[in-house]
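Hi,

Here is the structure I promised to pass on. Have a look at it first, and my notes follow below.

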Amino acid sequence: MTSPAPRVLIVEDEPEIRRFLRMSLGANHFEVVEAGTGQEGLCRAAEQPPEVILLDLGLPDIDGLRVIE
């Protein structure tokens, strides 16, 4: 029986950075969930709780430190 892939949530407003992280993590058998804003990241985390969150602290809508709170 295979255990499920660890889920990683990427909260990053730069599409190029998200794409790089998605490709790198996906190639290493992680399940990747993406969000382009802090608000979207909060929603994704509630919908699909991740094991790890990669969070940009300089988001356009909410400061990353506020997202952590």
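By contact I mean heavy atoms within 4.5 Å. Leaving aside neighbours within four places in sequence, Ala35 is in contact with Leu9, Ile10, Val11, Glu12, Arg18, Glu40, Gly41 and Arg44.

Some housekeeping: this is a predicted model, where local features need pLDDT of at least 70, side-chain atom pairs count only at pLDDT 80 or more, and totals for chains, interfaces and linings use all residues. Residues are numbered from 1 along each chain as its sequence is written, and side-chain values use heavy atoms, with hydrogens and water left out.

Overall, the elements run β-α-β-α-β-α from the N terminus (DSSP runs: helices are H or I with at least four residues, strands E with at least two, numbered from the N terminus).

Ala35 also belongs to the largest nonpolar core, together with Leu9, Val11, Val33, Leu59, Ile62 and Val67. Within this core, β1 (7-11) and β2 each supply at least two residues. A nonpolar core here is a set of buried Ala, Val, Leu, Ile, Met, Phe, Trp, Tyr and Cys residues joined through side-chain atoms within 4.5 Å. Buried means under 20% relative accessible area, exposed over 50%, and partly exposed in between (1.4 Å probe, protein chains only). Buried residues make up 25% of the 69 residues.

His29 sits in the loop between α1 (15-27) and β2 (31-35) and is exposed, at 64% relative accessible area.

Cheers
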